[in-house]
Amino acid sequence: MAEARGKNNSAYAEAWRRLKKNKVAMASMAVIALLILMAVFADVIVDYSAAITQSAADKLAKPSARHWFGCDGMGRDLFARIVHGSRISLLLGFGTTAITTVAAVILGTAAAYYGGRFDSLLMRAFDILISIPSVLLALAIAAGFSSGIVQLICAIAVGQLAGFTRVVRSAVLNLVDQEYIEAERALGLRDARIILGHIIPNAMDTILVQATMQVARNILMGALLSFLGLGAPIPTPEWGQIASDGISSLRYTGHIVIFPTIFITITALAINLFGDGLRDALDPRLKGKA
């Protein structure tokens with residue numbers, strides 16, 4: 001087991017060296033790091049009160065030295081709302097992905113390792129879920145509960161779980177019939193030790209790449225549901241909700257929609273580009289392939 005860990009560590013070290021040579025991936029990682037720092041230190045960058053305080057005098061104010069991104073239809077500072085809204089948007093992306101990843105690894109690994117009726121029933125249930133567009137599924141779940149971050153995270157997680165579980169199951173299926181796994185079973189090693197010590201570590205490349213791509217999807221999904229009014233309760237700032245608020249005044253000024261849309265696009269693009277670089281670094285044979 002120690003030898004296996006050593007090989008995994010060596011493989012990840014080599015992958016990191018390849019990743020560092022990918023300028024696009026490293027630039028994307030820097031952008032992601034800046035966005036995370038903005039969310040963590042939002043209160044230091046700008047006071048939260050500016051994001052929720054209404055001012056009739058500043059209603060629909062255009063970008064200026066006083067209000068860098070202008071103000072929305074209620075006179076709230078748009079820069080402050082976007083900075084503090086990054087917390088909710090990134091929470092939806094990373095938090096939902098963490099929940100989905102854990103659930104998908106447990107279900108996908110169990111289905112591939114044990115097979116049988118459990119695998120068959122689980123896959124048929126997920127076939128039904130996959131037949132429903134993830135947007136509609138998440139929308140139906142979110143609409144069925146009162147609006148809130150927890151409900152939104154659960155809705156997105158359920159909508160993305162089936163596809164992620166299938167990816168994990170496929171990766172594990174390629175491992176369970178390997179000779180070293182059969183040898184460990186013959187030696188009487190416990191299933192938990194085999195799964196945690198050898199199967200999941202060897203499927204980690206696929207899991208990491210899928211999880212990275214999932215973050216971008218979840219951020220976009222969260223923005224869409226918030227845009228439709230199913231996100232954080234008012235007046236909590238969130239990028240999708242900010243863009244939705246600007247639709248009513250789009251005829252007069254577009255900055256309320258443009259700025260949050262730019263941040264959503266940059267975030268999703270940076271995560272996807274980093275995910276592409278991570279995939280190429282973990283498996284150079286896939287370089288340049290979708």
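At 0% relative accessibility, Cys71 falls under the 20% limit and is therefore buried in this predicted model. Cys154 has a relative accessibility of 42%, which lies between 20% and 50%, so Cys154 is classed as partly exposed. A disulfide is a covalent bond that joins the sulfur atoms of two cysteines.

The packing of helices comes next. Two packed helices are described by the angle between their axes together with the distance between those axes. For helix 5 (residues 78-114) and helix 6 (residues 116-131), the axes come within 7 Å and the crossing angle is roughly 135°. The crossing of helix 5 with helix 6 is left-handed. On the side of helix 5, the residues that take part are Leu107, Ala110, Ala111 and Tyr114. Their partners in helix 6 are Gly116, Phe118, Asp119, Leu122 and Phe126. Sorted by class, this contact between helix 5 and helix 6 comprises seven nonpolar residues, one polar residue and one charged residue.

A second pair brings helix 7 (residues 134-144) together with helix 10. Here the axes are 11 Å apart, and the packing angle is about 50°. An angle between 35 and 65 degrees is classed as oblique, so helix 7 and helix 10 are oblique to each other. Helix 7 passes helix 10 with a right-handed crossing. Helix 7 contributes Ser134, Val135, Ala138 and Leu139 to the contact, while helix 10 contributes Met221, Leu224 and Leu225. By class, six residues of the contact between helix 7 and helix 10 are nonpolar and one is polar, with no charged residues.

With a relative accessible area of 0%, Leu225 is under the 20% limit and so counts as buried. Leaving aside neighbours within four places in sequence, Leu225 is in contact with Ala138, Leu139, Leu152, Ile156, Leu230 and Gly231. Among them, Ala138 and Leu139 also belong to the helix 7 side of the contact with helix 10. Leu225 and Ala138 are separated by 87 residues in sequence, yet their C-alpha atoms are 8.2 Å apart in space.

Key. Residues are numbered from 1 along each chain as its sequence is written. This is a predicted model: local features need pLDDT of at least 70, side-chain atom pairs count only at pLDDT 80 or more; totals for chains, interfaces and linings use all residues. Side-chain values use heavy atoms; hydrogens and water are left out. Buried means under 20% relative accessible area, exposed over 50%, partly exposed in between (1.4 Å probe, protein chains only). Axes are lines fitted to C-alpha atoms, for helices over the stretch in contact, and angles run from 0 to 180 degrees between N-to-C directions. Helices (H or I, at least four residues) and strands (E, at least two) are DSSP runs, numbered from the N terminus. A crossing is left-handed if the near helix is turned anticlockwise from the far one by less than a right angle, and right-handed if clockwise. Contact means heavy atoms within 4.5 Å. Ala, Val, Leu, Ile, Met, Phe, Trp, Tyr, Cys and Pro count as nonpolar, Asp, Glu, Lys and Arg as charged, and the others, Gly among them, as polar. Angles under 35 degrees count as roughly parallel, over 145 as roughly antiparallel, 65 to 115 as roughly perpendicular and the rest as oblique.
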